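Dear colleague,

Please find below the structure that I am handing over to you. My notes on its pockets follow it.

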Amino acid sequence: IGKNLVLKLVDLYQFDRALTYIESMRAAGIDTIEPTTYLYVLINSSRVSPTQSQSMDIVQNALSAYVAQGKLDANQQLFYGALIKLWNNDFYGAKILFDKITGDTYAPIVSNMHDVYAKATTMQDMPLYYWTALFALQLLKNGYFSIASKLALEVLNKDPSYTLPYQILAYKHFLTQSWEPALQYLLQLRDLDPKNEATYVFMIGVSSYWLDKYEQAALYLKQVEYPAYTLDAQRYLALSYIAMDNTQDTINTRQAMLWNPSIQEEDFYNYFGEVFYKPYTQKKLYTLYNANTNLGFLYIKTCF
């Protein structure tokens with residue numbers, strides 16, 4: 001159970017929680033977590049701080065211990081060694097190690113990195129921080145958030161007007177559910193990068209919801225018109241209105257969701273849970289149902 005829980009938390013990018021469970025299991029004499037999983041969690045946990053270069057030492061120590069115990073193969077040693085060199089801005093040293101990796105396990109990220117190296121050789125007139133940002137972007141895309149953040153912050157220090165590092169930091173915090181810093185970077189991006197405003201507005205609304213800023217969440221989510229985000233925006237909008245005890249706008253949003261062709265079974269489950277099950281178990285009035293009984297029948301009919 002513990003192993004499955006850790007793996008699920010890793011899928012959700014909840015690294016600190018995953019690390020807590022791993023250490024609890026180890027304290028109980030249970031060591032079923034693969035070394036590569038532990039290293040991935042450790043690298044992305046808050047113990048490796050983007051603002052403290054020496055914090056990567058704990059990963060180096062864990063890596064050395066696994067090597068001494070014979071628990072990592074040659075490719076794994078090369079890969080994590082390359083990541084540590086990227087953390088330390090040794091891009092050439094990282095390339096040497098990436099070039100030695102064989103097989104398919106790390107092929108996608110190695111290929112991404114080689115693409116950046118190839119661009120660097122053909123566009124040598126670009127400033128060094130430009131390539132640093134591209135390395136950070138590839139690390140973000142492959143789930144190495146702490147290293148991506150460190151490199152992005154270094155780029156920002158050199159060029160505060162460069163959009164890419166803001167994007168990297170915003171997505172990193174958003175994906176790992178660090179809502180306050182995510183919101184701050186997203187608000188900056190909305191002004192810096194107007195062509196992607198639709199995406200930022202949606203993400204600002206979601207971040208605001210998780211920070212219990214329900215009125216602000218609703219303000220932004222109502223502005224979402226981009227089809228790819230519409231249903232998710234409606235979901236968060238309904239939750240925001242429920243949190244504010246705004247019955248009429250909750251109903252209006254649920255009606256809009258019902259006619260959305262992308263509606264899924266989870267949306268019906270959520271509606272029935274909120275409208276019928278919750279008041280039943282809490283012995284409260286069926287406020288949302290009684291405010292529009294016809295909508296309840298439509299949800300049941302459409303669900304069938």
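This is a predicted model: local features need pLDDT of at least 70, side-chain atom pairs count only at pLDDT 80 or more; totals for chains, interfaces and linings use all residues.

Residues are numbered from 1 along each chain as its sequence is written, and side-chain values use heavy atoms, with hydrogens and water left out.

A pocket here is an open set of points, on a 1 Å grid over the protein atoms alone, where a 1.4 Å probe fits, with protein on both sides within 12 Å along at least five of seven lines; lining residues have an atom within 4 Å of a point. Points are joined across faces, edges and corners, and a volume is the space filled by probe spheres set on them.

The largest pocket has a volume of about 300 Å³. It is lined by 15 residues, of which Ile242, Asp245, Glu274, Thr287 and Leu288 are the closest to its centre. Two or more lining residues come from each of α15 (247-258), α16 (265-282) and α17 (287-291); helices are DSSP runs of H or I with at least four residues, numbered from the N terminus. The largest share, five residues, belongs to α16.

The second largest pocket has a volume of about 240 Å³. Among its 16 lining residues, Asp16, Asn44, Ser46, Thr176 and Ser178 are the closest to the centre. Both α2 (15-27) and α9 (145-158) supply at least two lining residues, and α2 gives the most, with three.

Yours sincerely
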